[in-house]
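Thanks for coming, everyone. Let's have the structure up on the screen, and then I'll walk through it.

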Amino acid sequence: MSVQQKLILASSSKYRQSLMHKLGLAFDSIAPHIDETPEHNEGPAALVSRLAKQKALAVAESHPDAIIIASDQVACLNDSILTKPLTAPNAHAQLSRCSGQTVTFYTSLAVYNGPTNHMDIIVEPYIVGFKTLTDEQIAFYIEQEKPLDCAGSFKCEGLGIALFSFLNGKDFNTLIGLPLIELTRLLEKNGVDVLKRGA
């Protein structure tokens, strides 16, 4: 049997690393260190697509023989991008804005094959409906989970599920930060079948 080609996740995100571990594949994680500033009039899908591509290429510079996996995500409320709140007051303000509203998450996935110099990029949307939340509920949630490093100010894999009235998307993992269904398809396209193991 063939040895698995080296896989690198171009991310330091503990959430994406946890999702990658679901596939049971050996991989390394390397932070790409790119400028993530949006360009003028750049839409959310274009932004996350560009950033995933840049992340993959940045890591590929020092690891040209690997398959690089990169992703980026933004949350949008009424065409306004929701950033990571970083502080509890910012998180409270974000969740207050989201209360009773629909938020769309755009998550990109880039798979770059260094040896073949081929890259596939997809952007997968995921729609989240928020309940109408009280200030007390929002404050309690922030205190419990401290989602200060999460776009949209919540962690859907934990208590954050209680914030929602509905979820609509192809792959729940996309909402957490990495579209695993699409990733397995693109890895197989590049010769890595997650249902087989090399030796």
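Salt bridges to begin with. The count comes to 9 salt bridges. Keep in mind that this is a predicted model. Side chains of opposite charge can pair when their charged atoms come close. Let me go through some of the pairs.

Take E42 and R50. Their closest N and O atoms are 2.7 Å apart, and the two form a salt bridge. Both ends are buried: E42 is, and R50 is too.

Next, K55 and D72. This is a salt bridge as well, with 2.8 Å between the closest N and O atoms. The pair links distant parts of the chain, 17 residues apart. K55 sits in helix α2, residues 44-60, and D72 in strand β3. Again, K55 and D72 are both buried.

What does UniProt list for D72? An unreviewed entry there gives it as "active site". That label comes from the record, and such annotations may be inferred rather than shown by experiment. How accessible is D72 in the model? Its relative accessibility is 5%, so D72 counts as buried, the cut-off being under 20%. And what does D72 touch, leaving out residues up to four places away in sequence? The list is R16, E36, V48, L51, A52, K55, Y106, T107 and S108.

Now over to helix α6, residues 180-189. R185 and E182 form a salt bridge, closest N and O atoms 2.6 Å apart. They are 3 residues apart in that helix, so about one helical turn separates them. R185 counts as partly exposed because its relative accessibility is 42%. E182 has a relative accessible area of 10%, so it is buried.

On to the nonpolar side. In soluble globular proteins, nonpolar side chains tend to be buried together. Here, the largest nonpolar core has 42 residues. Which of its residues touch the most other members? F130, F154, L183 and L187 do. Apart from that core lies another, of 12 residues, including A10, A52, I68 and Y112.

Not counting residues up to four places away in sequence, L187 touches L7, L23, L25, I67, I69, V192 and V194.

I161, L167 and F172 make a nonpolar patch of about 220 Å². L167 belongs to strand β7, residues 164-168. At 31% relative accessibility, L167 counts as partly exposed.

Last, the backbone. Where do we find positive phi outside glycine? N78 has a phi of about 55° and is not a glycine. N78 lies in the loop between β3, residues 67-77, and β4, residues 80-82. Is N78 buried or exposed? Exposed, because its relative accessibility is 60%.

Then N117. Its phi is also positive, near 55°, and N117 is not a glycine either. This one is in the loop between β5, residues 102-113, and β6, residues 118-130. N117 has a relative accessible area of 57%, so it is exposed.

That's my tour. Over to you for discussion.

Conventions: Residues are numbered from 1 along each chain as its sequence is written. This is a predicted model: local features need pLDDT of at least 70, side-chain atom pairs count only at pLDDT 80 or more; totals for chains, interfaces and linings use all residues. Side-chain values use heavy atoms; hydrogens and water are left out. Helices (H or I, at least four residues) and strands (E, at least two) are DSSP runs, numbered from the N terminus. Buried means under 20% relative accessible area, exposed over 50%, partly exposed in between (1.4 Å probe, protein chains only). A nonpolar core is a set of buried Ala, Val, Leu, Ile, Met, Phe, Trp, Tyr and Cys residues joined through side-chain atoms within 4.5 Å. Contact means heavy atoms within 4.5 Å. Patches are made of residues with over 30% relative accessible area and no salt bridge: like charges are joined within 9 Å, nonpolar side chains (Val, Leu, Ile, Met, Phe, Trp, Tyr) within 5 Å. Accessible areas come from the Shrake-Rupley method with a 1.4 Å probe; for residues, only the protein chains shown count as cover. A salt bridge is a side-chain nitrogen of Lys or Arg within 4 Å of a carboxyl oxygen of Asp or Glu.
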